[in-house]
Amino acid sequence: MIILEATVITAGYSKLDILKEVGIRVRDGEIVSIIGPNGAGKSTLLKTIFGLLKPRHGRVMLQNRDITGWSPDKIVKEGISYVPQVDNIFTSLTIEENLEMGAFIRRDDFSGRLAEIYDLFPMLAERKKQKAGQLSGGQRQMVAMGRALMLDPQVLLLDEPSAGLAPNLAAMIFDKIKAINKTGVSMIIVEQNAREALKMAHHGYVLAMGKNVLDDSGKALLTNKEVGKLYLGG
Amino acid sequence: MVELIFYGIVLGSIISLGAIGLSLVYGILRFANFAHGDLMSVGAYTALFLVTGFLAWIGVSDATFGPLSFGWRMLIAFPVSMLAVAGVAILLDRVLYRKLRAKKSGPVIFAMSSLGAAFILRMIILIFWGADSLFYRPGMLRPAYELPLGVKIRPDQVFIIILVCVLMTTLHLFLQKTKMGKAMRATSDNIELARVSGIDTERIIIWTWGIGGALAAAGGILYGVDVQLHPYMGWNFLIPLFAATILGSIGNIYGAMVGGFIIGVAQQVSTAFLMPTYKPAVAFTIMIVILLIRPKGIFGGSER
C-alpha cells in the first residue's frame, strides 16, 4: 500500500525552481533513500513534502488525502514528522523537555511513548535532565529523532541524519534508523552517504539537478554500474 | 551607603520586572520593543484610574493596611491592571506586530513601529491625565523605619521587594514546570523547530506578550507606589531596561532579573558621587561597557 506519494513536484525559492517535476513514492513500512549530488534538491523535496515550502506544481498525497500546501503544524498532526539537518534540537532545554516538546500536541498521557523512546535510545534515558546543547553530535541526532518520534508518526522524514558524524557514530545512527523502521515507521531519508543509505533502503531514488534520474530497489541501485561510478565512489 | 544599596534593590526589582518582559519578547520575536517602558506607564495609570476613580466610585474602602501607603483599592487594582496591560500588549501585537511578521519585515521596521506605539501610548496618558506628576495617595505622609546606621526604610519598599520575589518565583515555576512555559522556552530557543514539532507559535507569542505586559504593569505600579506617576516614567525606564537586558544576556530572563538588580543598585549608589539626574547616564554607561567588552552579556554562552 502506498502511504505517501509526491507527484510532479516543481518547487523552489523566489523565482528559481530547484525541483523540476520530481516524484517519489513510499509504501507502508518502507525505508526510501534519496541520494544524489549536492544541490540536487534532496532536502528541498523533504521540505516541500513537510509543507515548509509550497510547491508551484504537483501534489503531495498522504494515504489518498491531498496535503499539498498544508502548513507543517497541520501535517505533523496527520502523522508525518520531520527531523531537519541542522538546528534540530532545543539546545537550552533538557533531553526530557526536548522529547516533551515533540509530544506538545498530544493531549493524552504519553509516558508510555516516552519509555519506548528511552528503550530505543538508552543513552538518552541516562541523561534526561542534561541540557541537550551539551551533547555530542551523535547524541544530538538521537534527541532529534526521539523528539520526532514522540507523536508516533506514520512517516518519518530524516534530512542527512549522519551529517558531520564520525563513521562509528554514523553506523550507530543507521542501526537506530533500522530499529525505528522495524517498529513499523515508514521513512524517507536524504543522505550524502549513498552506500549506507541504499544498503538499508527498500527503495532508492537518485536525484540530480532537481530531476528524477533513476529509481529502483536499494539492492539494484547498489549494483547499478552508473550509480556506482557516480555516487558510490567506483 | 547601606541605605543606597537597599534603595537600589527596590529600584532594581522594578527594573527587573520590565527587563524580563523585554527579554521574553526579544527571545521569541527577535526585536527590541521600544514600547515596553510605556507599557509600564499604562499599567501605573490604569491602576491610578481604578484606585482614584472606579474603585472609589463603587465604594471600596480607602483605608490603608497598617504601615503601608495603600489598601484594598490598590490590592484590587494591581492584578486588574496587570490583566489590562497584558490585553493592551496582546492587542498591539494583533493589530501591529503580527501584520509585520506576516510581511516578514526586518528588525528595524519592528523597532521603529514599536517606537511609534510607544508615542501613541504616552500621548493617550497625556490626554487623560496631563503632564504633571501624580500620586496614588496625594498628601500621604510616608513614614520610614529607622534602622541602625541611620538607614531609613519605608514599609512600602519592603512590600515591593517581597512582591517582586513572589512574581519572579511564579514566573520561574511557570517556565520550568508547565507545558506552556516549556513551550515558551522551546520557541525562544528555536522557533522553526517549535513549528516543526507542531507547537502553535502564534499562541506562544500571545502568551509572551501577555506575561511581558503584565509584568511591565506590575513594575510601573510599584514605581508609582514607591515614587510617583509621570507620563514619561516608563519612557525614562527604557535605558535601564535595555541595560539590564543586555547585561543579563538578551533573551535570557534569569539574566534580565539579575541585570535589573545590578543596574538598580548601580544607579542608586552612583547618587553618592553624582547628581541624581545622571542616573540614566550610569545605566547607559554600563550598557556601552558591556556591549564593548562582553556583548553577549554576563550569562551569554551558558545557556547555549
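How many of the 11 residues of helix H6 (residues 179-189) of chain B are buried? Keep that question in mind for the second view; these legends walk through a predicted model of the two chains.

**View 1. The interface of chain A and chain B brings 25 residues of chain A into contact with 19 residues of chain B.** The area buried between the two chains is about 1,900 Å², and carbon and sulfur atoms give 57% of that area. Look for A:Phe90, A:Met101 and A:Phe104 here: these residues supply 34% of the area that chain A buries against chain B, more than any other three residues. Between chain A and chain B there are 2 salt bridges. Across the interface, 8 residue pairs are in polar contact, with both residues of each pair at pLDDT 80 or more. On the side of chain A that touches chain B, helix H2 (72-78) and H3 of chain A each supply at least two residues. H3(A) gives the most to that side, with 4 residues. Sorted by type, the residues on this side of chain A comprise 13 nonpolar, 4 polar and 8 charged.

**View 2. Helix H6 of chain B is largely enclosed by the rest of the structure, because 10 of its 11 residues are buried.** Here is the answer to the opening question, and the names can be followed along the helix. The buried residues of H6(B) are B:Met180, B:Gly181, B:Lys182, B:Ala183, B:Met184, B:Arg185, B:Ala186, B:Thr187, B:Ser188 and B:Asp189. What do the buried residues of H6(B) pack against? Within chain B, their partners are helix H1 (2-29), helix H5 (155-177), helix H7 (191-196) and helix H8 (201-226), and from chain A they meet H3. One of the buried residues, B:Lys182, joins its side chain to that of A:Glu100 in a salt bridge (2.6 Å, N to O).

**View 3. A:Glu97 sits in helix H3 (residues 95-102) of chain A and touches residues of chain B.** Is A:Glu97 buried or exposed? A:Glu97 has a relative accessible area of 8%, so this residue counts as buried, the cut-off being under 20%. Its side chain reaches the backbone nitrogen of A:Thr94 at 3.0 Å. Setting aside residues up to four places away in sequence, A:Glu97 touches B:Gln176, B:Lys182 and B:Arg185.

**View 4. A:Ile49, in helix H1 (residues 42-49) of chain A, is buried.** The relative accessible area of A:Ile49 is 2%. Apart from neighbours within four places in sequence, A:Ile49 is in contact with A:Leu4, A:Ala6, A:Ile24, A:Val60, A:Ile67, A:Ile75, A:Leu157 and A:Ile188. For a sense of distance, pick out A:Trp70 as well: A:Ile49 and A:Trp70 are 21 residues apart in sequence and 9.3 Å apart in space, C-alpha to C-alpha.

**View 5. A:Arg113 belongs to helix H4 (residues 111-120) of chain A, and its side chain reaches the backbone oxygen of A:Leu149 at 2.9 Å.** With a relative accessible area of 12%, A:Arg113 is buried. Beyond its neighbours within four places in sequence, A:Arg113 is in contact with A:Arg106, A:Leu149, A:Met150 and A:Asp152.

Definitions and conventions. Residues numbered from 1 in each chain as written. Chains lettered and ligands numbered in written order. Predicted model: local features only at pLDDT ≥ 70, side-chain atom pairs only at ≥ 80, totals over all residues. Heavy atoms only, no water. Buried < 20%, exposed > 50% of the residue type's maximum accessible area, 1.4 Å probe, protein only. Polar contact = N/O pair within 3.5 Å; in protein donor to acceptor, adjacent residues only side chain to side chain. Contact = heavy atoms within 4.5 Å. Buried area = accessible area lost by both parts, 1.4 Å probe. Salt bridge = Lys/Arg side-chain N within 4 Å of Asp/Glu carboxyl O. Nonpolar A, V, L, I, M, F, W, Y, C, P; charged D, E, K, R; others polar.
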